[in-house]
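Let's take a walk through this structure together. Have a look at the chain first, and then we'll go through it piece by piece.

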Amino acid sequence: MYNGIGLQTPRGSGTNGYIQSNKFFVKPRNSKVAENMKGFEGDQGTAGVSRKANKEILEHDRKRQIQLKLVILEDKLIDQGYTDAEIAEKLEEARNSLEAAADENDSNLDK
């Protein structure tokens with residue numbers, strides 16, 4: 001036992017009794033430091049880093065959402081008993097309308 005921490009004896013415990021300190025324990029800071037500091041002004045504290053969303057990732061996410069809607073539509077059409085040709089035609093129409101709506105929405109956001 002070390003400073004009241006640990007086992008009285010390691011015998012029968014399956015350990016060797018070695019005590020390790022917790023390296024990940026973060027001590028709380030004193031509030032005195034916060035009182036002496038000025039508040040952040042403007043963009044202070046961000047270290048001048050403000051990242052914009054990656055356009056490729058946004059585009060990929062938009063395509064995934066469109067594909068998800070098409071898969072759901074395809075399942076509904078199959079359940080309703082449409083033929084493969086009719087399903088393909090309706091999916092193509094839906095894809096064109098969804099992409100046009102997404103492009104229109106993107107152009108409105110850019111303005």
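Helix 2 has four residues that count as buried, namely Arg62, Ile66, Leu70 and Leu77. Buried here means under 20% relative accessible area, with exposed being over 50% and partly exposed in between (1.4 Å probe, protein chains only). Keep in mind that this is a predicted model, where local features need pLDDT of at least 70, side-chain atom pairs count only at pLDDT 80 or more, and totals for chains, interfaces and linings use all residues. Residues are numbered from 1 along each chain as its sequence is written, and side-chain values use heavy atoms, leaving out hydrogens and water.

Now for the helix itself. Helix 2 runs over residues 55-80, and its 26 residues reach 38 Å from the first C-alpha to the last, close to the 38 Å expected at 1.5 Å a residue. That expected span is 1.5 Å times one less than the number of residues. Helices (H or I, at least four residues) and strands (E, at least two) are DSSP runs, numbered from the N terminus. Just after the helix comes Gly81, which takes a positive phi of about 90°.

Let's go back to Arg62. Which residue does Arg62 form a salt bridge with? The partner is Glu59, and the closest N and O atoms are 2.4 Å apart. A salt bridge is a side-chain nitrogen of Lys or Arg within 4 Å of a carboxyl oxygen of Asp or Glu, and the structure holds one of them. Side chains of opposite charge can pair when their charged atoms come close. Because Arg62 and Glu59 are three residues apart in helix 2, they are separated by about one helical turn. Arg62 counts as buried at 16% relative accessibility, whereas Glu59, at 29%, counts as partly exposed. Not counting residues up to four places away in sequence, Arg62 also touches Glu99, Ala102, Asp103 and Asp106. Contact means heavy atoms within 4.5 Å.

Next comes the nonpolar side of things. The largest nonpolar core has seven residues: Ile66, Leu70, Leu77, Ile87, Leu91, Ala94 and Ala102. Helix 2 and helix 3 (84-110) each supply at least two of its residues, and helix 3 gives the most, with four. A nonpolar core is a set of buried Ala, Val, Leu, Ile, Met, Phe, Trp, Tyr and Cys residues joined through side-chain atoms within 4.5 Å. Take Leu91 from that list: leaving aside neighbours within four places in sequence, Leu91 is in contact with Leu70, Leu73 and Glu74.

Is Asp84 buried or exposed? Asp84 lies in helix 3 and counts as exposed, at 67% relative accessibility. Asp84 and Glu74 are ten residues apart in sequence, and their C-alpha atoms are 9.9 Å apart in space.

Finally, step back to the whole chain. There are three helices and zero strands, giving the pattern α-α-α along the sequence. Of the 111 residues, 7% count as buried. The chain exposes about 10,800 Å², with carbon and sulfur atoms supplying 51% of it; accessible areas come from the Shrake-Rupley method with a 1.4 Å probe, and for residues only the protein chains shown count as cover. Among contacts with a separation of 6 or more, 39% are between residues 24 or more positions apart.
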